[in-house]
Amino acid sequence: MCDLRKARETIETAGLDQPFLDVCLRVTGALEALDGDRGKFLPLSFFLTVVDDTNAKVALSALSYICTMECPPLAAHGYICDADEELIVLDDEDFLEVVKTGDLIHPRTGEFLQQARNRVHIFYSLLSL
């Protein structure tokens, strides 16, 4: 876990190319501006409003970089919407399994879901909360 100030310093001195550097700095700036517990559940759409939508691929790469840096301030998680539109947050292990294999055992029903990547949505959370 790392504070955002240290993460920003790491990004600024990492020698990153544009527009990747700019997007990383915009993301960390937006995270620094969050109030209270707002950083517990940040959907991808939050970050796409921070960077313009034409940089969606760059934004995903920047989020991946920020989540995997030596001292990450942000973590990626997953959730699914159940048949009755209830949001179910996945355990990190289940989320990683979907990322690796594409498949998921439904956390409530035990049903095997092939190609679950189409049903799993990413969200992020600040690790300092």
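The radius of gyration is taken here over C-alpha atoms, and the value for a globule follows the rule of 2.2 Å times the number of residues to the power 0.38. For 129 residues this rule puts a compact globule near 14 Å, and the protein chain, at 16 Å, agrees. The model is predicted: local features need pLDDT of at least 70, side-chain atom pairs count only at pLDDT 80 or more, and totals for chains, interfaces and linings use all residues. Residues are numbered from 1 along each chain as its sequence is written, and side-chain values use heavy atoms, with hydrogens and water left out.

The C-alpha trace spans about 45 × 30 × 25 Å along its principal axes. Five helices and six strands make up the secondary structure of the protein chain, in the sequence order α-α-β-α-α-β-β-α-β-β-β. Helices (H or I, at least four residues) and strands (E, at least two) are DSSP runs numbered from the N terminus. The accessible surface, from the Shrake-Rupley method with a 1.4 Å probe and, for residues, only the protein chains shown as cover, comes to about 7,600 Å², of which 50% belongs to carbon and sulfur atoms. Of the 129 residues, 39% count as buried, where buried means under 20% relative accessible area, exposed over 50% and partly exposed in between (1.4 Å probe, protein chains only). Among contacts (heavy atoms within 4.5 Å) between residues at least 6 apart in sequence, 57% join residues at least 24 apart.

Helix 2 comprises the 13 residues 20-32; at 1.5 Å a residue it should span 18 Å, and its end C-alpha atoms are 18 Å apart, in agreement. The expected span is 1.5 Å times one less than the number of residues. Buried residues in helix 2 are Phe20, Leu21, Val23, Cys24, Val27, Thr28, Ala30 and Leu31. Their cover includes helix 1 (4-12), strand 1 (42-43), helix 3 (44-50), helix 4 (56-68), strand 2 (74-81) and strand 6 (120-126). Pro19 lies in the loop between helix 1 and helix 2 and is joined to Gln18 by a cis peptide bond, with omega about 0°.

Two further loop residues were examined. Met69, in the loop between helix 4 and strand 2, counts as buried at 8% relative accessibility. Leaving aside residues up to four places away in sequence, Met69 touches Ala7, Thr10 and Ile11. Met69 and Leu4 are 65 residues apart in sequence and 12 Å apart in space, C-alpha to C-alpha. Gln115, in the loop between strand 5 (112-113) and strand 6, is exposed, with a relative accessible area of 60%. Although not a glycine, Gln115 has a positive phi of about 50°.
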